[in-house]
Amino acid sequence: MASEAVTSRSDRRLHRARQATLLSLVTGVWVSVLLPAVGLTHEPAPGRVVLGAVGILAFVTAQTVVLYAAVTPWLDSRWRRRAQVSLAGTAVLTVPLVGPVAAGRWPTWAWLGAALIGMAPLLLRLRAALAMATGVLLVAVAVAVWTGGSIARHLAVTGGIGAAVAAVNGLQIWFWGLLVDARQGQAAQVRLAAAEERLRFARDVHDVLGHHLTVIALKAELAARLAPVDPERAGREAAEVQRLAASALTEVRETVHGYRAVDLGEQLAAVAGVLRSCGVRCTVSPPPAELPQSAATELAAVLREASTNVLRHSRADWCRIHIDRDENGARMTIANDGADDSGPDEHSHGLRGLADRLAAAGGELRVRREDSVFTLEATVPVAS
């Protein structure tokens, strides 16, 4: 069975794979309608033809709903269960509606039984699917006895054709489940990388502050004890506490500066890797040589926000990232073909924050949208 974990609807690559899987499964279902429908042409009684047609149509409709639920991982599990219960109820109703159609001349219900067995991999695990198949075969035998048909023919159609359909459907659902798991694994890998970076920064800050704060606490306690008996020494200890606090503040600032002093080339490579792993064709030009750290820091912030927008708010197939430099400064251009009405625009909070940040540094942020192509352009000044 396909994974029932929630998967983003905006994942364009997964969305296309889901459409292809659903189309393949539904095509098989609707093609299988032709065989039970043959029984309608062999039935002389108009009333049975009408009842049989109603039963076949209801069965195929219930089948289609179950197939849709099987390849829609973000669908609520309650709807999936309701679809399965509806199929079971419809299958029971088809026995009196479809079973007598073309009795003795065409195994009409046996073809529906084959379709039921073919659906088993989508609904149940192996042991339960085998139990379901056994039950369907027993019903096929009962219908053959009731209608005067050939038991061997009913078993051959229901069992043989049903097993073949089950193998094909099971293979498709297995591949679909692998794809869903792979996409979820890629998303988890991105989240893990971000969490590891936060832990690294927290560890660095802890290492810097831990020692200083311990010494400051001891010195402050000593100064408090000395104040009533040796004010002069207490003053010296208080001055030492002040010096240690200033030193700790300096080291924290240096740590934060080192954390923010990113390697723009590494950031570009990391973003390109994440986008490609999510199915976006990414073209990246290397940053200019000798780009000042201040400009690289600002462009790295733009890169992070833009790549986040591509992943979260678009359905891009491609993304191009280009950085160049002239006498006026450095410019980063990021374009992708995933623009839609729900995506970010120049009024989004993230882009407004970037625009304010670049403006404070003397730079500028511009965005434009042409059909489905969204382009972001950021410029920052570079000292000559």
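For the residue classes used in these legends, Ala, Val, Leu, Ile, Met, Phe, Trp, Tyr, Cys and Pro count as nonpolar, Asp, Glu, Lys and Arg as charged, and the others, Gly among them, as polar. The model shown in each view is predicted.

**View 1. The second largest pocket and the residues about its centre.** The second largest pocket has a volume of about 300 Å³. Its lining consists of 13 residues, of which Leu87, Ala88, Ala91, Leu116 and Met132 are the closest to the pocket centre.

**View 2. Helices and residue classes in the lining of the second largest pocket.** Two or more lining residues come from each of helix H3 (77-98), helix H4 (108-123) and helix H5 (126-147), and H3 gives the most, with 6 residues. By class, the lining of this pocket divides into 12 nonpolar residues and 1 polar residue, with no charged residue.

**View 3. The crossing of helices H2 and H3.** The axes of helix H2 (residues 46-70) and H3 come within 9 Å and cross at roughly 160°. Because angles over 145 degrees count as roughly antiparallel, H2 is described as roughly antiparallel to H3. The crossing of these two helices is left-handed.

**View 4. Residues in the contact between H2 and H3.** On the H2 side the contact includes Leu51, Gly52, Gly55, Ile56, Ala58 and Phe59, while among the H3 residues that take part are Arg80, Ala83, Gln84, Ser86, Leu87 and Ala91. Taken by class, the contact of H2 with H3 has 13 nonpolar, 7 polar and 1 charged residues. Leu87 and Ala91, which belong to the H3 side of this contact, are also among the residues closest to the centre of the second largest pocket.

Conventions. Residues are numbered from 1 along each chain as its sequence is written. This is a predicted model: local features need pLDDT of at least 70, side-chain atom pairs count only at pLDDT 80 or more; totals for chains, interfaces and linings use all residues. Side-chain values use heavy atoms; hydrogens and water are left out. On a 1 Å grid over the protein atoms alone, a cavity is a set of points where a 1.4 Å probe fits but cannot get out, and a pocket is an open set with protein on both sides within 12 Å along at least five of seven lines; lining residues have an atom within 4 Å of a point. Grid points are joined across faces, edges and corners, and a volume is the space filled by probe spheres set on the points. Helices (H or I, at least four residues) and strands (E, at least two) are DSSP runs, numbered from the N terminus. Axes are lines fitted to C-alpha atoms, for helices over the stretch in contact, and angles run from 0 to 180 degrees between N-to-C directions. Angles under 35 degrees count as roughly parallel, over 145 as roughly antiparallel, 65 to 115 as roughly perpendicular and the rest as oblique. A crossing is left-handed if the near helix is turned anticlockwise from the far one by less than a right angle, and right-handed if clockwise. Contact means heavy atoms within 4.5 Å.
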